[in-house]
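Visitor: Could you take me through this structure, one topic at a time?

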Amino acid sequence: MKEEELLIQKAQRGESEAFGVLYDAYLPKIYRFIYLKVTSKADAEDITHHVFMNSWENIGSFRFQGFPFSSWLYRIAHNAVIDFYRTRKNTVDIESVIETEAADIPIDGDVLDTRYEAEKVHTALKTLKPDEQSVVIMKFINELSNAEVSVALEKSEGAIRVIQHRALKNLKKQLEQQTK
Amino acid sequence: MNQNLIQQLKILRDIKPDPIFAAETRRLIMDSRPKIRSAPAFRRFAYFGTLSLAGAAFTVVAGILMFSPSQNMAIASLESAAINEELKSLSINIQLKDISYSNNADSIISSAITEIGNTDARHMNPAVLKNEEEDMISEYTDKSEEIDKLFNEILN
């Protein structure tokens, strides 16, 4: 954490190499979060690029207030995804996107079972409400703590636990239906 | 079952960004350095500049208030108790002034009335006038007899 603080302070002084280190550390998680929310690889790349450029440009406004830098990045990413759906509303059929893009899931390796399982879980995940998706991705895929998730989504930890419980219940139901 | 579900979700951790995309975005961030560097510096300058201006303005106002000769008056004029006191004393002053005026007027009027009513005044007193008249007659009478005596001496 101390090392991260030092990097942020350097980045705030305009040292792009320091921000580059933060970028390398957080890019895979932020990209994954965005990809799982928007499903399209191209859209995920566009939004991820926008998120990191935006955070770099506004790094001076970041303040250490007891939560990690990652929560701040997730918050920017979360808002970017909301904006994405707001602007794309009524122009893209979500179901068709799921069908089209599912095969394109960017997972390393050619193990068919793994790819199939990933696609199945992803499809089930897409049926959840936006907040439920966000909580599941942050908590169980990207391994954030409840406190970090609550900061990123600007909700109380209690609310996060409630959403998490409901999300897992709905996800399990979806996966069971797929199996039948 | 939840444990199994979480294991299934963990498969999605293998999702990774394209290395070419990652490198390109990194390069663009590195290139945008000059624009970013100025932002925090400007914010710091604006922040401390605003603080300094506010401090200077406060010092000037405090200085004016502390060293101004009308400071007590200005402060006193803001205290309701002082204003009430001032109003009370103002009212008393007016009343005292009225009393003083009334006293003076009374004495003037009373002396005028006394003077009007005073029949002992020498120029108005009938007794004095009578005496004066008698004096005049006696004087004339005395002088006429003397003149007659002088005429008779001349004629004789």
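Guide: One term first: two residues are in contact if their C-beta atoms, placed from the backbone, lie within 7 Å. Helices (H or I, at least four residues) and strands (E, at least two) are DSSP runs, numbered from the N terminus. This is a predicted model, in which local features need pLDDT of at least 70 and side-chain atom pairs count only at pLDDT 80 or more, while totals for chains, interfaces and linings use all residues. Residues are numbered from 1 along each chain as its sequence is written, and chains are lettered from A and ligands numbered from 1 in the order in which they are written.

Visitor: What covers the buried residues of α4(A)?

Guide: The cover includes α1 (2-12), α2, α3, α7 and α8 (146-153) of chain A. A residue is buried if 20 or more other C-beta atoms lie within 10 Å of its own, exposed if 12 or fewer, and partly exposed in between, with C-beta atoms placed from the backbone.

Visitor: Which residues of α4(A) are buried?

Guide: They are A:Phe69, A:Ser70, A:Ser71, A:Trp72, A:Leu73, A:Tyr74, A:Ala77, A:His78, A:Val81 and A:Phe84.

Visitor: And how far does helix α4 of chain A reach?

Guide: Helix α4 (residues 69-88) of chain A has 20 residues and spans 29 Å from first C-alpha to last, close to the expected 28 Å. The expected span is 1.5 Å times one less than the number of residues.

Visitor: Where is A:Ile30 placed?

Guide: A:Ile30 lies in helix α2 of chain A. A:Ile30 counts as buried because it has 24 C-beta neighbours inside 10 Å.

Visitor: Which residues is A:Ile30 in contact with, leaving aside neighbours within four places in sequence?

Guide: A:Ile30 is then in contact with A:Thr48, A:Val51, A:Leu73 and A:Ala77.

Visitor: At what angle do α1(A) and α2(A) pack?

Guide: The angle is about 135 degrees, and the axes are 7 Å apart. That makes α1(A) oblique to α2(A). Axes are lines fitted to C-alpha atoms, for helices over the stretch in contact, and angles run from 0 to 180 degrees between N-to-C directions. Angles under 35 degrees count as roughly parallel, over 145 as roughly antiparallel, 65 to 115 as roughly perpendicular and the rest as oblique.

Visitor: Which residues meet there, in α1(A) and α2(A)?

Guide: A:Leu7, A:Lys10 and A:Ala11 of α1(A) meet A:Ala18, A:Phe19, A:Val21 and A:Leu22 of α2(A).

Visitor: Now chain B. How many helices and strands are in it?

Guide: Chain B has six helices and zero strands. Of its 156 residues, 6% count as buried.

Visitor: How many residues of chain A are in contact with chain B?

Guide: There are 37 residues of chain A in contact with 27 residues of chain B. On the chain A side, α2(A) supplies the largest share, ten residues.

Visitor: How do α3(A) and helix α2 of chain B pack?

Guide: α3(A) and helix α2 (residues 19-31) of chain B pack at about 25 degrees, with axes 10 Å apart, and are therefore roughly parallel to each other. A:Glu45, A:His49, A:Phe52, A:Met53 and A:Trp56 in α3(A) meet B:Phe21, B:Thr25 and B:Ile29 in α2(B).
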